[in-house]
Amino acid sequence: MAASCVVLLALALTLLLLVAWKRWRWGRAARHVIVVVLGDVGRSPRMQYHALSLAKCGFSVTFLGFCTSKPHDELLQSDRIQIVSLTEVQRLAVGPHILQYGVKVVFQAVHLLWKLMCRKPAAYIFLQNPPGLPAIAVCWFAGCLCGSKLVIDWHNYGYSIMGLVHGPGHPLVLLAKWYETLCGRLSHLNLCVTNAMREDLAENWGIKAVTVYDKPASFFKETPLDLQHQLFMKLSRTYSAFRACSEPSDSGMERSAFTERDAQSGTVTCLPGRPALLVSSTSWTEDEDFSILLAALEKFEQLIDDGESLPPLVCVITGKGPLKEYYSRLICQKHFQHIQVCTPWLEAEDYPLLLGSADLGVCLHRSSSGLDLPMKVVDMFGCCLPVCAVNFQCLHELVKHEENGLVFEDSEELAAQLQMLFSKFPDPAGKLNQFCKNLRESEQLRWDESWKRTVLPLITDT
């Protein structure tokens, strides 16, 4: 017991000495910001965009997070952004679940605090929530020690995501809600992703937040035909769905499932009778039910068998996550004749190219809180890609039914929408092309411009 007290006292003394040295050595760096994600940097696009916007506005940025997958090249190439890897720890393999979780949280808290204290003091700490346990308390404490102001970017509520797994009445979920409610009020500034969340934070949490809608980055745009062909040929080396059904008779032609390139002239054309390309992206979590899409695809296949004028489909579902293996097994059990489904993990630079090459996007995200919006749809709209999205509470803030896409409730309705949109494909006068035209004419605001209007004034006036 005495030894433990000595160790704790030594750690506390070391921390205080480090704080004093940091204050003397640097003071508070007015143009330095620390961005924190207690998750994978490469799969945290909104926080990557925050970091890039801060760098473009003259701030130096330290980005703390797990370095599991590769972030955007622009982030890696910026001389104003330093990425610092956090150690990702798995839960213990033995003992009660609550003990396993507790040990993980304690390790993360100590590790994150140490990483923060070893960095140059910052004017602001930008924190993504969720996950906020234990990050909110740790970042607030580090900010108090170093004179940094905490900015929480509310993407959702962490306790509501935990509730999908454990149930809303589970002790861990109730503890997480209490913690999030209490610690969420410690921040200097709060950002959130929808007006519905802003209102809920104000009414039920006593937190004043500013809505900063997700907007597509500049690299989300329609993909030129030659780049489409390059992407399809690249993917065809790994995924059979992108390979041509037959080799061209002319050896000077290069063919994918969708396009053909004349090697002499370099001209790329769409193959007549090509399949339609349907794209979805996911984190393979409980808030997305892909059995809805699979059931709709089965109905679509039956319509083709019954003689309807519909194209074959290539369905690409991108992403990583805990339920990927489960749904991959379900997909393998289907015996589609006119539909091919593949589930790749794409490089950061290839994902926008795929969206810009597709014919239709599908979103199955049902918000665990009912208050956040799917960023994948924002990216799809940036590429002028129409979307069919499953309905939930605040989806109307993003998807305008019959204007930039369609909203559905179940697999029956989704199947009917697929039938209507792909009837006589490709039809220049069809609804799909009309949605594309509406998106092109909408002149959507991009992330950088939106960020300068909404976020930059908040951190330069305080």
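Let's start with a sorting rule: Ala, Val, Leu, Ile, Met, Phe, Trp, Tyr, Cys and Pro count as nonpolar, Asp, Glu, Lys and Arg as charged, and the others, Gly among them, as polar. Keep in mind that you're looking at a predicted model, where local features need pLDDT of at least 70 and side-chain atom pairs count only at pLDDT 80 or more, while totals for chains, interfaces and linings use all residues. Residues are numbered from 1 along each chain as its sequence is written, and side-chain values use heavy atoms, with hydrogens and water left out.

Now put that sorting rule to work on a hole. Rolling a probe the size of a water molecule over the atoms shows where empty space is left. Here a cavity is a set of points on a 1 Å grid over the protein atoms alone where a 1.4 Å probe fits but cannot get out, and lining residues have an atom within 4 Å of a point. Grid points are joined across faces, edges and corners, and the volume is the space filled by probe spheres set on the points. How many cavities of 30 Å³ or more turn up? The count is 1, and the largest cavity has a volume of about 60 Å³. It is lined by 13 residues, and the closest to its centre are Ile-34, Leu-116, Ile-125, Cys-146 and Ser-148. By class, that lining has 8 nonpolar, 2 polar and 3 charged residues.

Helices and strands are DSSP runs numbered from the N terminus (H or I, at least four residues, for a helix; E, at least two, for a strand). Helix H4 (97–117), strand S4 (122–129) and helix H5 (135–146) each give two or more residues to the lining of the largest cavity, and H5 gives the most, with 3 residues. S4 also pairs with S5 in the parallel sense over 6 bridges; two strands pair if DSSP finds at least two bridges between them. In S5, Val-151 is the bridge partner of Phe-126.

Next, find the open sheet of 6 strands, in the order S13-S12-S11-S14-S15-S16, with parallel pairing. Strand S13 (339–342) and strand S16 (405–408) stand at the edges with a single partner strand each, so one side of each is left without a neighbour in the sheet. The twist averages 20° from one strand to the next, with axes fitted to C-alpha atoms (for helices over the stretch in contact) and angles running from 0 to 180 degrees between N-to-C directions. Strand S15 (residues 387–390) pairs with S16 over 4 bridges, and Ala-389 has Val-407 as its bridge partner in S16. Helix H14 (residues 411–422) lies across several strands, including S15 and S16, and runs at about 160° to S16.

Among the residues Ile-317 touches are Trp-284, Phe-290 and Val-341, where contact means heavy atoms within 4.5 Å.

Helix H13 (residues 375–382) is mostly covered too, with 8 of its 8 residues buried. Those buried residues pack against S11, S14 and S15, among others.

Note on methods: On a 1 Å grid over the protein atoms alone, a cavity is a set of points where a 1.4 Å probe fits but cannot get out, and a pocket is an open set with protein on both sides within 12 Å along at least five of seven lines; lining residues have an atom within 4 Å of a point. Buried means under 20% relative accessible area, exposed over 50%, partly exposed in between (1.4 Å probe, protein chains only). Lists of a residue's contacts leave out its neighbours within four places in sequence.
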